[in-house]
Amino acid sequence: MSETRPTPLELLSKTATRLQTRGPAEVIATIRNRLWRGLASQGEIALLVRDAVDTASDRPGLTFRRATVNDAGAYTRDVGTDSARTFRRRLTDRTDCYLVLQGESIVHASWATTRSAWTTELNAYLCPPPGDAYVYESFTDAQTRGQGIYPFALHHMCADLGRRGITRVWVGVEHDNVSSQRAIAKGGFHEAFQLPFRRRLFRVSLLPATGPRAAQAAAFVTKAPPR
């Protein structure tokens, strides 16, 4: 996902990077899964929210910070979902990438935007309310999963965003991703609403939102790119 819908050239660049860093088996499995799900499937994106207050604490051996364009090479090497070029282009005055490092290696990365995030599952943009931020596309290195690094990153992201004037932070997760849901809850987030959807022959239909803040969903999801 990115702030705007990736162009065909950007998708090609991302795929080439993923092939190089993660190998053909993962890329083929991802493409096969998307084709299969695009034919006929249904799912749900859960949105969770918390206040952007400082509840962060340090952990020995881990460094948390906002990424800069100088991290493009390390992101390509350790995360592998963006080329150096697409990574640099994604960093804007409204979209940041946050990193957790262990030594010189990136063990976690998450993106946060105050504008929009293109969401392939919904074939739409998720746009946080004015004054809020949306966290998305979170990655944790496989060898460090289960060590609380994602909640650690979420607490620090909320602290940093709060210091920059953000009121609330939102995060989305697929309903069947139980491990991420647990990590997000440990990061201090609580349920806001669910966005169910249905796919038929690669066309996505959005179904009525559910949950305690379902009334906010209509303003959160848009098919047109925001200005």
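Colleague: Are E137 and R90 buried or exposed?
Modeller: Keep in mind that this is a predicted model. The two residues pair up in a salt bridge, with 2.8 Å between the closest N and O atoms. The cut-off for buried is under 20% relative accessible area, and both E137 and R90 count as buried.

Colleague: Which parts of the chain does that pair link?
Modeller: E137 and R90 are 47 residues apart, so we're talking about distant parts of the chain. R90 belongs to residues 84–90 and E137 to residues 133–140. That makes the linked elements helix α4 and strand β7.

Colleague: R90 also forms a salt bridge with D82, so how far apart are the closest N and O atoms there?
Modeller: Like R90, D82 is buried. A salt bridge needs the nitrogen within 4 Å of the carboxyl oxygen. For R90 and D82, the closest N and O atoms sit at 2.6 Å.

Colleague: Now R66 and D160: which one is buried?
Modeller: These two form a salt bridge, their closest N and O atoms being 3.2 Å apart. At 10% relative accessibility, the buried one is D160.

Colleague: Which residues do salt bridges with shared partners join into one network?
Modeller: The structure holds 11 salt bridges. R66 and D160, which pair with each other, both belong to the network.

Key. Residues numbered from 1 in each chain as written. Predicted model: local features only at pLDDT ≥ 70, side-chain atom pairs only at ≥ 80, totals over all residues. Heavy atoms only, no water. Salt bridge = Lys/Arg side-chain N within 4 Å of Asp/Glu carboxyl O. Buried < 20%, exposed > 50% of the residue type's maximum accessible area, 1.4 Å probe, protein only. Helix = DSSP H or I, 4+ residues; strand = E, 2+ residues; numbered from the N terminus.
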